[in-house]
Amino acid sequence: MGNKKYFVYLGCSGFPYGLAEIQKMILISKSLIATGNSVTVICKKGIHNKKNYPELKESGNYQDIEYIYTSGTPFRNESFIKRNLLKIKGAFNEIFLLRKKKKDNKLDYAILSENRFYSILIYFILSKIYGFKTILNYAEYYPAIRKKPFQISKRLNGKLYDKYAPLLVDIVFPISEFLINHLKKNSPDIKYLKIPLLTDIAKYNEIEILKQQKYFLFCGDAGYKEIIKFIIDSFSELNNALTFLYLVINGDEKNIIEIKEYINSNPKKDYIKLVSRLTEKQLYIYYKNAVALLIPLRPTLQDSARFPHKIGEYLASGNPVISTNYGEVKYYFKDMEDMLIADSYAINLFAAKMQFVIDNPKDAQKIGINGKNMVLRIFDYRIQAPIINNFLNKF
């Protein structure tokens, strides 16, 4: 095999289309491929609607990344019985595929993009049977994620994952200093490499700049309605009648309805626009043409542990990003140099940063350019590729 290594991604649902988890998977895979390795993404079940992705096949190649749905289809079956039979089929076929790949000497590492402890345990057993190494993609502090009181199994899973999942793998890819410190405390002997947020700056090469109304932009899931309301309240504090707020929101329809009602109760409702279900190109056009991109982080364990993929996409646009001084932001960025950073999660402080962008457009744009340069130096997947490869060559 020489220096070429063979990787599979396990625990994935929905490849190659999806939000942050799928995008991080794509970018790590492209980093590995850039240094001469091979990556196959294995999905046990299909979750897509055929109307949305009619061209999607059960196996194929996406940006040089091989993928396969072991259930035999990338689409979610509407029948409850058939859907669960396909899950069983997918699980068994995944085991057989791993065995075949190892027999063909095409399985060195399995990267686990998985937050269910019992699945980590199964992959641990399979790794010992077939003789491949496992890498845990560690991007969240799961005990800190809010759960409803009756979700007992999710609470138990969070505790088991947090305490034992890192002990069942050979290597961990943590995304933040918080998670690194947590690993050192609970698994001091674990081998790890911090992989920060990744992005592909080339995505913006052909995105056009349009002459249209000025706007701030937030993009996120409707489940973050607390943050969305915080942004709306901050926007309401601004002294400007010519700048709009665009909210690109997807997710649960009940949450979207609640957000719409909150907008309609706001005195600046005529200056707030909510859109959903944009194509990737449409989304990048929105990013590229915003006066600033918004991503406030809260003083919570969840936000301290994560490093939102969205920050990288925002920075790559070359426009200024406004955030708060929590989590990974404080380790990488400096206020008024490469990001606008509110000292705390407070409406008046966040609004002041937004007001600065309105009042000082040239200075704000310089901050945006400096942020883009951060991507070129640190966060573009091509920069991280040799770092990841050199680390893995040690084992």
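Visitor: Which residues have the most contacts inside the largest nonpolar core?
Guide: This is a predicted model. Its largest nonpolar core has 92 residues. Apart from it lies another core of 31 residues, among them Val41 and Ile195. Within the core of 92, the residues with the most contacts are Phe216, Leu217, Leu247 and Phe333.

Visitor: Which strands stand at the edges of the open sheet of 8 strands?
Guide: The strand order is S3-S4-S2-S1-S5-S6-S7-S8, with mixed pairing. An edge strand has a single partner strand, so one side of it is left without a neighbour in the sheet. The strands placed this way are S3 (59-62) and S8 (191-192).

Visitor: What is the bridge partner of Ser59 in S4?
Guide: S3 and S4 (residues 65-69) run antiparallel and are joined by 4 bridges. In S4, Ser59 has as its bridge partner Ile68.

Visitor: Against which elements do the buried residues of H8 pack?
Guide: Helix H8 covers residues 280-288, and its buried residues include Leu283, Ile285 and Lys288. They pack against strands S9 (214-221), S10 (243-250), S11 (272-275) and S12 (292-294), and helix H10 (309-316).

Visitor: Which element gives the most to the lining of the second largest pocket?
Guide: The second largest pocket has a volume of about 430 Å³ and is lined by 21 residues. The elements that give two or more residues to this lining are helices H12 (347-359) and H13 (361-379). With 3 residues, the one that gives the most is H13.

Visitor: How many residues of that lining are charged?
Guide: Lys214 and Gln365 are among the lining residues that lie nearest the pocket centre. The lining divides into 10 nonpolar and 9 polar residues, and the number charged is 2.

Terms used
Residues are numbered from 1 along each chain as its sequence is written. This is a predicted model: local features need pLDDT of at least 70, side-chain atom pairs count only at pLDDT 80 or more; totals for chains, interfaces and linings use all residues. Side-chain values use heavy atoms; hydrogens and water are left out. On a 1 Å grid over the protein atoms alone, a cavity is a set of points where a 1.4 Å probe fits but cannot get out, and a pocket is an open set with protein on both sides within 12 Å along at least five of seven lines; lining residues have an atom within 4 Å of a point. Grid points are joined across faces, edges and corners, and a volume is the space filled by probe spheres set on the points. Ala, Val, Leu, Ile, Met, Phe, Trp, Tyr, Cys and Pro count as nonpolar, Asp, Glu, Lys and Arg as charged, and the others, Gly among them, as polar. Buried means under 20% relative accessible area, exposed over 50%, partly exposed in between (1.4 Å probe, protein chains only). Contact means heavy atoms within 4.5 Å. A nonpolar core is a set of buried Ala, Val, Leu, Ile, Met, Phe, Trp, Tyr and Cys residues joined through side-chain atoms within 4.5 Å. Two strands pair if DSSP finds at least two bridges between them.
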